[in-house]
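Subject: Structure handover

Hello,

Here is the structure I promised you. Please open it first, then read my notes beside it.

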Amino acid sequence: MSERIDIAVIGGGPAGLSAAVNAVARGKSVRLFSAGENPLEKAENVDNYLGFYKISGAEMMQKFRLHAESLGITPEKGRVVNIMPMGDRFLINFGGNIVEASAVILAIGVAKAKEIPGEGVLLGRGVSYCATCDGMLYRNKNALVWGLAPDAVEETNFLSSIGVKVMLVAKGERPEELNSQIPFISGAVSEVVGEDFVTAARVGDDIHRTDGIFILRSAIAPAALVPGLETEKGYIKVSRDMETGIAGLYAAGDCTGTPLQISKAIGEGLIAAQNAAKFIDKSKS
Amino acid sequence: MSASIVHPNVSEFDALLKGDKPVLVDFWAEWCMPCRMLGPVIEQLGEKYAGRVAVAKVNVDEQPDLAARYRIQSIPTVLIFNKGELVDTQVGLRQADVYAKVLDSIIDK
């Protein structure tokens, strides 16, 4: 386990970068974990952020990032799979490494993913969100990967390599990197079928028998990310201090609710960072 | 490794179930990162309930028969037994108080 840091920021969008910049400004040690591309990158034109107008989203993100980098904050690319509140600290599973932090700021954006029928009730009974966590339990069994994230191909190859009889479902054409012996179906899973345990998955009009289904989305629902985290209509519940119901855990930006705008995200990032810093100072004294 | 946690094989586990204490068992594996995050929580519980609850860890690779018996398909999975009967199943990570509440409700009866 690496050395404990003060604040872990999850998410490299405007809210996350704002939180990181303000946490460093308060003398805290910070690591910023980012899953990848931010939706702002794709905005052709941004006109609703005071002082910056007629600017592309990509250019704006670049400025935000440069600001963070000037303070020594380099976003670390990878997936945060779980965050475990331990009472006096947090354990963060960052791509298979455990990082320890005194406070955490979630700036994870909005998960566009909608749960499909059967998914929630069969979670842990054949439905899994983590190939590297549960893959070994499906050795010599059938499993289906529904790939909605860029790393799904890699995860499917991993499952195959440990002896899972796996097939990949994803939109578009068969990915080149997919090992040649793994079956590929172009499409989307619309339903997980099973009574007590998963027995099949529906893809279009076809039913595929399977013992397990790995649903790999870019965004993980907040409640699946942190055990005990309270949400409302998919958004994380926060106080005016951007504190969640869990002490030391803050949230900022789109993940806390509408309006889904840059200025709100940046303001919330600031508030979350200030209060996280206060929280740490208080618990140290 | 905490002294308050037992690592039973099949017959030892069956003996625990027949014992007079409630049993909390954490199914885990070396390669499972979330399981390793739950580890300290289970240890806390082992210490907190020492002498009142049998807190056990079962490595699914070493005890596949126990994992199969309870149809463990995702780890970590924590099962809680009272008088030999399964009373609670928690799949995935939970905060310590989730398990503590279940254990307290059994012990208080």
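A salt bridge here is a side-chain nitrogen of Lys or Arg within 4 Å of a carboxyl oxygen of Asp or Glu. Asp26(B) and Lys57(B) meet that rule, with their closest N and O atoms 3.9 Å apart. The pair links distant parts of the chain: Asp26(B) sits in strand E2 (residues 23–28) of chain B and Lys57(B) in strand E3 of chain B, 31 residues apart. Keep in mind that this is a predicted model.

Are these two partners buried or exposed? Buried means under 20% relative accessible area. Asp26(B) has 0%, so Asp26(B) counts as buried. Lys57(B) has 11%, so Lys57(B) is buried as well.

Take Arg69(B) and Asp14(B), whose closest N and O atoms are 2.9 Å apart. Arg69(B) is partly exposed at 38% relative accessible area. Asp14(B) is partly exposed too, at 24%.

In chain A, look at Arg89(A) and Asp88(A). Their closest N and O atoms are 3.4 Å apart, and they form a salt bridge. Arg89(A) counts as buried at 19% relative accessibility, whereas Asp88(A) counts as exposed at 52%.

Where the chains meet

27 residues of chain A are in contact with 21 residues of chain B. Together the chains bury about 2000 Å², 65% of it on carbon and sulfur atoms. Asp61(B) pairs with Arg139(A), the closest N and O atoms being 3.1 Å apart.

The disulfide and its helix

The whole structure has 1 disulfide. Cys32(B) and Cys35(B) form it, with their sulfur atoms 2.2 Å apart. The link is right-handed, with 85° about the S-S bond. Cys32(B) is buried at 0% relative accessibility, and Cys35(B) is buried at 1%.

Cys35(B) is among the buried residues of H2(B). Helix H2 (residues 33–48) of chain B has 16 residues. The helix reaches 24 Å from its first C-alpha to its last, close to the 22 Å expected. Where does H2(B) bend? The bend is about 30° and falls at Gly39(B), with Pro40(B) following within four residues.

Two buried residues

Gln63(B) is in the loop between strand E3 (54–59) and helix H3 (64–69) of chain B. Gln63(B) counts as buried at 18% relative accessibility. Beyond its neighbours within four places in sequence, Gln63(B) is in contact with Pro8(B), Asn9(B), Val10(B) and Val58(B).

Ile236(A) lies in strand E16 (residues 235–236) of chain A. Ile236(A) is buried, at 2% relative accessible area. Its C-alpha is 7.0 Å from that of Pro222(A), 14 residues away along the chain. Beyond its neighbours within four places in sequence, Ile236(A) has contacts including Pro222(A), Leu106(A) and Cys255(A). Cys255(A) is itself buried, at 2% relative accessibility.

Best wishes

Notes. Residues are numbered from 1 along each chain as its sequence is written. Chains are lettered from A and ligands numbered from 1 in the order in which they are written. This is a predicted model: local features need pLDDT of at least 70, side-chain atom pairs count only at pLDDT 80 or more; totals for chains, interfaces and linings use all residues. Side-chain values use heavy atoms; hydrogens and water are left out. A disulfide is a pair of cysteine sulfur atoms within 2.5 Å. Buried means under 20% relative accessible area, exposed over 50%, partly exposed in between (1.4 Å probe, protein chains only). The expected span of a helix is 1.5 Å times one less than its number of residues. The bend at a residue is the angle between axes fitted to the seven residues ending there and the seven starting there. Contact means heavy atoms within 4.5 Å. Buried area is the accessible area (1.4 Å probe) that two parts lose on being put together, summed over both.
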